[in-house]
Structures are given as C-alpha cells and as structure tokens.
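Here is a short note to read beside the model. Please keep the structure in view while you go through the points.

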Amino acid sequence: MTANPNALEHDGQDSNLHDTLKYSLLGPSLTKSGQDSVDQKKVSDIIYDASKGSKFFAHEENRDKLLTVKIERILEKKARLEKLNLTRDQKKADEYVAELELSRDLTQTVVHVDCDAFYAAVEELDRPELKLVPFAVGKGVLTTCNYHARKFGCRSGMAGFVAKKLCPQLIQLPLNFEKYTAKAREVREIISQYDPRFESASIDEAYLNITAYCESNSIRPEEAVEQLRKEVHEKTKVTISAGIAANTKLAKICSNINKPNGQYRLQNDRGAIMTFMDTLPTRKVNGVGRVFERELDAVGVKTCGDIYQYRQYLSKLFGEKAFKFLIQCYLGLGRTDTQPAEEYERKSIGTESTFADLSGHNGLCDKLEKTAQELEKDMVKAQFKGKTLVLKVKLHTYEVLTRQVIPPKAVYLAGDLYKYSLPMLSKLEQEFKGLTLRLMGLRCTHLVTMKKPDPLAFFGYPKVRNSPASSGPASESNESKGEPVETGGSSSSGVWPSEDFEEAAKDEYQEELEELEILSQLEELESQQFNEGKLDSETKPESGGLVKEAAREASSASASVEKGKGQLKRGRHDSGKSRSGLKDDPKQTRLSFN
DNA sequence: ATACATACC
DNA sequence: AACTGGTATGTAT
C-alpha cells in the first residue's frame with residue numbers, strides 16, 4: 001500500500017519518482033486477486049533490488065519519468081481550464097449522462113466467469129502434489145501461479161528470477177498450451193448450455209447472458225450460477241469464479257470480488273449500481289491500466305464516483321473517447337449482449353519472439369527469416385493474407401519500434417513476408433547504427449480471407465456475402481495481382497461478360513491451387529507437431545494439436561485453439577482498448593439514439 | 001496512412 | 001545476468 005503513488009502524487013517533488021516507479025515495477029496484476037495479505041512494501045523493495053541496474057530497470061525508469069512529465073502537463077492544462085467558463089462542457093456532460101440514463105437496460109442478466117489460476121489449476125490435476133507447494137507456470141515470465149505462490153508476492157507477468165527472490169522454493173513449470181486449451185474446451189462445453197451465444201474473452205474467461213436461461217428454467221441468477229459453477233467443478237475439476245450483473249462491465253468487476261471459487265451478484269438496480277460504482281477505484285474497471293489510473297488520480301479521480309465532479313474537464317483532458325468511457329463507468333453502464341466466437345473476425349495475425357541481444361546484418365536477417373516462417377504457419381492456419389505488413393523490433397534497451405509497408409499484393413508466404421519486411425529492417429539498421437535487438441516480430445493486418453470462393457460466384461452472383469472490396473476471394477485475387485478491386489467492374493453489374501467469366505475461372509483455378517497448397521502445408525504442420533511433442537513453449541511454441549480444426553475455426557478467434565504462442569490469448573474486442581475501454585459500447589450508442 | 005502507446009490475459 | 005506473446009484500439013502526426 002505504501003508504494004501506491006496515489007497517496008504521494010502531489011506533495012513531495014523528488015521522492016515520488018521512486019515510488020511511482022516501484023509501484024509500476026510491481027506489475028500490472030497488482031490489483032488482481034490473492035495479494036491482499038501480502039506486504040507489498042516488502043515485495044516492491046525486493047523487486048526493486050532485483051531489477052536495479054538492469055537495462056530493463058533503466059527503461060522502466062525512463063518511462064516512469066515520461067509519464068510523470070505527461071501528468072504534469074495534464075495538471076497544467078487542468079489549472080488553465082479551471083480559470084475558464086466550462087458551463088458548455090458541463091452541459092455537454094450532463095446531456096450525455098441523461099442520454100445514457102435513458103438507455104439504461106436493467107432487463108438483462110450477464111455473467112462473467114473466470115477460471116481460478118487456470119494454468120496452475122490444470123497442472124495440479126496432473127500433479128496433485130503441487131497443490132501443497134508454491135509453483136508457477138511459465139519459465140522466463142510467470143503466466144500464472146497458484147495461491148501458495150501468491151502469498152509470497154508472486155504474480156502473473158513477473159520475471160521468473162524476481163519470483164525466485166520472493167519465493168526461493170518456487171517451482172516453475174513450462175507451459176503446456178494443449179492441455180489448457182483442451183480443458184478450456186471442456187469448460188466451454190458446459191457454459192454453452194447456459195448460453196449458447198456465450199462470448200470467450202480469453203482462454204479462461206467468458207461472458208454469458210443468462211436472461212433466457214433463468215426465464216425458461218424459472219431459476220434465480222444466483223442459483224443458476226451456483227449450479228453452473230458446481231457443474232463445471234464436478235465435470236472438469238477446475239474451479240471458477242463468477243460475477244453476475246446487468247452488463248459485461250459490471251459482471252467482470254464482480255467476478256473478482258469473491259475469487260477464488262466464489263461468486264458475487266450486483267442487483268439490477270440503478271441505486272445499487274450507482275452506489276457500487278461510487279467507491280470503486282477506477283483501476284478495477286476493465287480498460288483502466290496503470291497509466292490511466294495515474295493520470296486520473298492526478299486530476300483527482302480515484303473512484304468511479306469521482307468522475308462526476310470532474311465531468312466538465314474530462315473531454316479536454318483525456319479526449320472524447322475517454323470522456324464517454326468514463327461517464328459510462330460512473331453510471332455503471334456496459335454491454336448486455338455477447339459476441340459468440342463464430343461471429344468474430346480477427347483483425348491481425350502476428351508473431352514475435354524475444355532472444356539474447358542480437359546484432360549484425362546476417363544474424364538479424366536470419367532472425368527475420370525465421371520470424372517470417374513462423375508467421376507463414378499462422379497465416380496458413382488461419383487462412384488469411386495480409387494487405388499490410390508490420391515489423392516490430394525491441395532494441396536491447398527495451399525501446400520498441402514498428403515499421404509497416406503495404407506490399408504490392410496481399411502476403412502470407414514466408415518468402416514474401418521476408419522480402420517485403422527486409423527493407424524495413426535494413427532501413428532501421430541504417431537509422432540505428434549497430435542495431436542490437438532483443439525482440440523481433442512480424443504481423444499482418446488488413447486481412448483478406450483465403451477461404452474457398454462462393455460456388456455461386458460461378459453462376460453470376462459474385463457479391464453475395466460481403467460488402468464491396470472488403471473481403472472475399474474474388475476481390476482478394478484481384479488484389480493479389482495488384483489491381484484495385486474497383487476497376488474490375490465485373491462484379492457490380494451482376495452479369496458477367498464472357499471475358500470476366502474467364503477471369504473468374506482463372507481465379508477459381510488459382511484458388512484451387514492455393515487450397516491445395518494450404519492443405520499440404522497443414523499436413524506438414526501436423527506432422528511437425530507430432531514430432532515436436534511437448535517442447536518448452538518459450539523457444540518453440542507448439543500449436544494446439546488440431547491444426548485443421550484451427551484452420552476451420554480460423555477467423556472465429558474461438559479464443560482457444562490456434563496459438564501455442566502467446567500464453568493467454570486475447571481474442572476480444574471488449575477489453576483490448578488502449579488507454580481505457582474507450583471504445584463506445586456500440587449497443588449503448590445505438591440505443592441511446594433510438 | 002504510419003508510428004507509438006496502452007491495455008488485456 | 002535474467003523482465004513474455006498475441007491482439008485490439010486509442011492518440012498524434
């Protein structure tokens with residue numbers, strides 16, 4: 001608690017730096033469960049000492065200073081605003097509040113379920129003796145740890161060697177992604193019975209709308225969720241925690257309250273919700289991270305209730321999106337609908353890896369090639385090409401740079417990925433003499449599907465499925481040849497001249513070839529995986545065994561299969577906002593204008 | 001459009 | 001010594 005910068009933000013000038021830095025070094029999951037009884041002061045000192053003097057530390061220190069400067073500027077701006085007449089802004093805020101209030105929907109019951117220390121729980125199933133000792137999953141960095149380990153201050157996201165300082169007897173297991181995805185599937189199968197349209201928020205989290213379930217079974221939400229949790233525990237042997245509330249934002253917060261293996265319901269009652277939000281620290285809201293928390297704290301907003309009294313400043317201080325997000329936090333509003341995985345389309349595919357400091361043209365090119373090969377695998381699995389290619393590097397100083405290009409055609413093959421990213425790398429080498437990297441990554445965005453074309457296209461109904469030029473193999477083929485889709489002219493008419501028909505047939509043929517290519521590569525992948533067995537995923541992440549299934553699920557981002565890469569896969573739009581959950585809730589917005 | 005930053009697990 | 005990886009989305013320019 002002492003390391004919380006909030007208490008020290010305004011007074012002293014210099015000692016703050018270390019406090020905010022220490023707070024930051026505590027890591028992003030500080031607010032998460034299992035840390036209540038831990039002496040955070042002691043923990044932060046140990047982390048601080050362990051990190052001190054490293055390049056990582058220097059970088060963190062630098063970032064911390066930059067944020068401090070940024071916050072100073074925000075405060076200056078606020079001071080200027082205080083001298084102005086902001087009645088217009090206040091009116092605007094009040095109007096927005098009123099508008100949102102009209103749209104408040106308390107008819108729905110939303111549940112957020114979250115598996116407790118999921119990876120650790122799964123590992124304990126195989127090795128029950130682990131229950132008795134502190135252990136973590138993840139070698140270089142902990143992805144999760146059991147509650148024994150948390151008592152020592154260990155947390156997800158923490159460097160392994162730091163965790164060992166806090167808890168020398170800590171056991172670290174390598175990740176075994178296949179095991180986790182298999183178990184996650186078991187859990188999902190059960191929750192799908194309560195809401196077939198449930199939304200996977202990550203491998204171990206989901207949102208359900210149980211309104212219909214409760215209605216048709218004449219059961220109270222609390223009972224339904226008790227039953228769900230019991231069923232999950234009995235059938236899968238993992239425990240889950242749940243939050244029950246009127247919308248996803250509230251449910252998410254509530255699922256943390258009685259973790260582990262508990263649930264909490266916030267009644268669908270406006271007064272109860274307002275009271276709940278009033279004292280809720282901003283950081284508890286999904287979308288408010290360490291940075292935004294500090295910025296808000298600096299201007300006087302510590303809890304969601306505090307938002308109201310500063311409403312006239314927020315838009316100018318943090319931007320329109322943040323303003324809307326914050327007002328919705330104040331009111332405790334959020335989505336009531338869920339987005340099933342099948343209806344979700346991913347927007348980018350990428351891979352990156354960290355390695356020992358690397359410099360020199362040849363070595364870097366080599367690494368780029370490896371990275372390109374990794375990405376090709378993922379692109380093939382997902383059956384996408386990318387119109388934009390992004391190179392990401394992290395210098396040995398931990399500074400991150402990105403560069404992007406739009407190749408003449410959509411790309412997915414390692415050769416192309418390499419060919420078009422190499423110039424970016426070379427330019428960086430010129431820009432930064434003696435370029436030394438600790439990470440390299442490639443990512444494709446503006447994806448286009450490589451799925452089989454609609455057979456109907458052959459019969460002169462080319463544009464059944466998609467909005468113009470967005471996706472669909474026909475347009476994609478055009479792009480592959482570097483021709484703007486619009487110039488095709490064929491598809492819009494609905495009747496194809498023979499010339500265009502030939503063109504289409506050619507495309508079709510090409511698709512077939514690509515299809516074959518994909519299949520053969522899939523075979524390759526599968527046999528590869530078969531041979532890989534369970535390698536330490538730090539160096540060689542294996543993907544979930546069912547490659548073809550992954551390919552089928554492709555764009556659905558079913559929050560499960562595909563990647564053996566990341567630890568916790570995010571596949572959601574709801575929580576991935578940048579500085580906050582600033583994205584307006586689409587439904588809210590729409591409702592409010594109805 | 002590009003680069004960077006923040007956030008989530 | 002040692003501090004992740006994948007995806008999304010915000011702001012600034």
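1. Ring pairs join F118, Y119, F177 and Y180 of the predicted model into a cluster, where rings of Phe, Tyr and Trp (its six-membered ring) pair if their centres lie within 6.5 Å, and planes under 30 degrees apart count as stacked, over 60 as edge-to-face and the rest as tilted.

2. This is a predicted model, in which local features need pLDDT of at least 70 and side-chain atom pairs count only at pLDDT 80 or more, while totals for chains, interfaces and linings use all residues. Residues are numbered from 1 along each chain as its sequence is written, chains are lettered from A, and side-chain values use heavy atoms, without hydrogens and water.

3. A search of the whole structure finds twelve aromatic pairs, among them Y48 and F57, which are edge-to-face at 5.2 Å centre to centre with 85° between the planes. Y48 has a relative accessible area of 10% and is buried (under 20% relative accessible area, with a 1.4 Å probe and protein chains only), and F57 is buried at 5%.

4. How are the rings of Y119 and Y180 arranged? Their centres are 4.1 Å apart and their planes stand at 10°, so the pair is stacked. Because Y119 lies in helix α5 (residues 118–126) and Y180 in helix α8 (residues 177–191), the pair ties together parts that are 61 residues apart in sequence; helices here are DSSP runs (H or I) of at least four residues, numbered from the N terminus. Y119 is buried at 1% relative accessibility, and Y180 is buried at 0%.

Notes
Buried < 20%, exposed > 50% of the residue type's maximum accessible area, 1.4 Å probe, protein only. Helix = DSSP H or I, 4+ residues; strand = E, 2+ residues; numbered from the N terminus.
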